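The model is a predicted one.

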Amino acid sequence: MSSRVIRMEHGAGGAAMHELIREVVVKRLGGSGADIPLEELDDAGAYNGVVISTDSYTVKPIIFPGGDIGRLAVAGTVNDVLMVGGEPKALALAMVLEEGLPLEVLERILESASSTAREAGVWVITGDTKVVERGALDGVVLTTTGIGFRHRLLDHNFEVLARVGREMRSRWLLDRNIRPGDKLILTGHVGDHAIALLSAREGLKFEAPVKSDVAPLTRLVEKAFEAGGVVAMQDPTRGGLASLLNEWSEKTGLGIIIEEEEIPIRDEVRSACEYLGLDPLELGNEGKAVLAVAPQLAEAVLQAVRETPEGRHAEIIGEVTDRYEAVVMRTAIGGLRVVPPPIGDPVPRIC
């Protein structure tokens, strides 16, 4: 690492954060031999068939267009368990509260967390509460830990893959499962969450307001597994689509080509990005996923995902290739440009 102090970009989901995790965290905490160990750097780990994921949420503001920190914490952790092929069953919820936080704000956040948990089919079964001095943080920090088991439809998903001759080396949906030719399905518009947070934080008023996409993806993943053909999944949170695709390329040594015209971006988000000088591919999302799917089965998975409210705008945006060793986008005018990994997050404190 070039610097010996923690900077904001070390928590932003880009190249700096991945370097920190590889060179500082994994070196000291890796080596467990778990089903999905820490060094896989997937969205969740697994041990003896039990899937576990944990995340802390420090978002500003804590209530934003389309959601709040309670819905964000539950949906984010549920989605991380889903992304490796787990089926979330229970959550732990730890709260660090700032002295002076209005009780009605805390009650709203917990009501939101509760309704989101019911929507996702999980229960909060344990937790912890701490209070810190006024000014120590922005209202509240939530930490959620999700527990689940192998998804009941994951074996069916793999059986469909086997019928088209795709043998899987792992019992889980790992990034390293990806092969050349796999199609990439993006389940909806990118950038909504980051722009919603930014507009609320800075008081920006766009012609059409943008709401966060924060949501649990339980129904969407179930539909995808019922169709069968998924080999890997990730949700493009911090660092956005650019970070996710570069992570897949780096882990597999393969290239990825995406089609600019196929990437769903709302006009409002595109306009906001042009006004603020942001790249929508680098913006964080909280209710979207990218699915790598065997090419013969991609259209069936796409149609199944589109049957859910969360996936109705899904598109096949590209494929994995061995022609490149990077992420390359075919632009709307027919040119090619490399999509580099973001260094940091252009909109920090969004999750």
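Angles under 35 degrees count as roughly parallel, over 145 as roughly antiparallel and 65 to 115 as roughly perpendicular, and the rest are oblique. Helix H5 (residues 192-202) and helix H8 (residues 267-276) pack at about 60 degrees. Their axes lie 10 Å apart. H5 and H8 are therefore oblique to each other. H5 passes H8 in a left-handed crossing.

H5 brings Asp 192, Ile 195 and Leu 198 to this contact. H8 answers with Val 269, Ala 272, Cys 273 and Leu 276. By class, the contact has six nonpolar residues, no polar ones and one charged.

## An antiparallel pair: H6 and H9

Helix H6 (residues 218-227) meets helix H9 (residues 298-306). Their axes come within 8 Å and cross at roughly 150 degrees. H6 and H9 are therefore roughly antiparallel to each other. The crossing of H6 past H9 is right-handed.

On the H6 side, the contact uses Leu 220, Lys 223, Ala 224 and Ala 227. On the H9 side, Ala 300, Val 301, Ala 304 and Val 305 take part. Seven residues of this contact are nonpolar, none is polar and one is charged.

## A parallel pair: H2 and H3

Which angle separates H2 and helix H3? H2 and H3 (residues 103-120) pack at about 30 degrees, with their axes 7 Å apart. H2 and H3 are therefore roughly parallel to each other. Their crossing is right-handed.

H2 contributes Ile 69, Gly 70, Arg 71, Val 74, Ala 75 and Val 78. These residues meet Ile 109, Ser 112, Ala 113, Thr 116, Ala 117, Glu 119 and Ala 120 of H3. The contact of H2 with H3 divides by class into eight nonpolar, three polar and two charged residues.

## The largest pocket

The largest pocket has a volume of about 1,400 Å³. Its lining counts 50 residues. Which of them lie nearest its centre? They are Met 17, Ile 21, Thr 54, Asp 55 and Arg 238. By class, the lining of the pocket has 23 nonpolar, 16 polar and eleven charged residues.

Several elements each supply at least two lining residues. The helices are H1 (15-29), H2 (69-83) and H7 (240-252). The strands are E1 (45-47) and E2 (50-57). E2 gives the most, with six residues.

## Two backbone details in loops

Where does the chain have a cis peptide bond? The bond from Lys 60 to Pro 61 is cis, with omega near 0 degrees. Pro 61 sits in the loop between E2 and strand E3 (63-64). E2 is also the strand that gives the most to the lining of the largest pocket.

Leu 41 has a positive phi of about 55 degrees, although this residue is not a glycine. Leu 41 is placed in the loop between H1 and E1.

Note on methods. Residues numbered from 1 in each chain as written. Predicted model: local features only at pLDDT ≥ 70, side-chain atom pairs only at ≥ 80, totals over all residues. Heavy atoms only, no water. Axes fitted to C-alpha atoms, helices over the stretch in contact; angles between N-to-C directions. Helix = DSSP H or I, 4+ residues; strand = E, 2+ residues; numbered from the N terminus. Left-handed = near helix turned anticlockwise from the far one by under 90°. Contact = heavy atoms within 4.5 Å. Nonpolar A, V, L, I, M, F, W, Y, C, P; charged D, E, K, R; others polar. 1 Å grid on protein atoms, 1.4 Å probe; cavity = no way out; pocket = protein on both sides within 12 Å on 5 of 7 lines; lining within 4 Å. Points joined across faces, edges and corners; volume = space filled by probe spheres on them.
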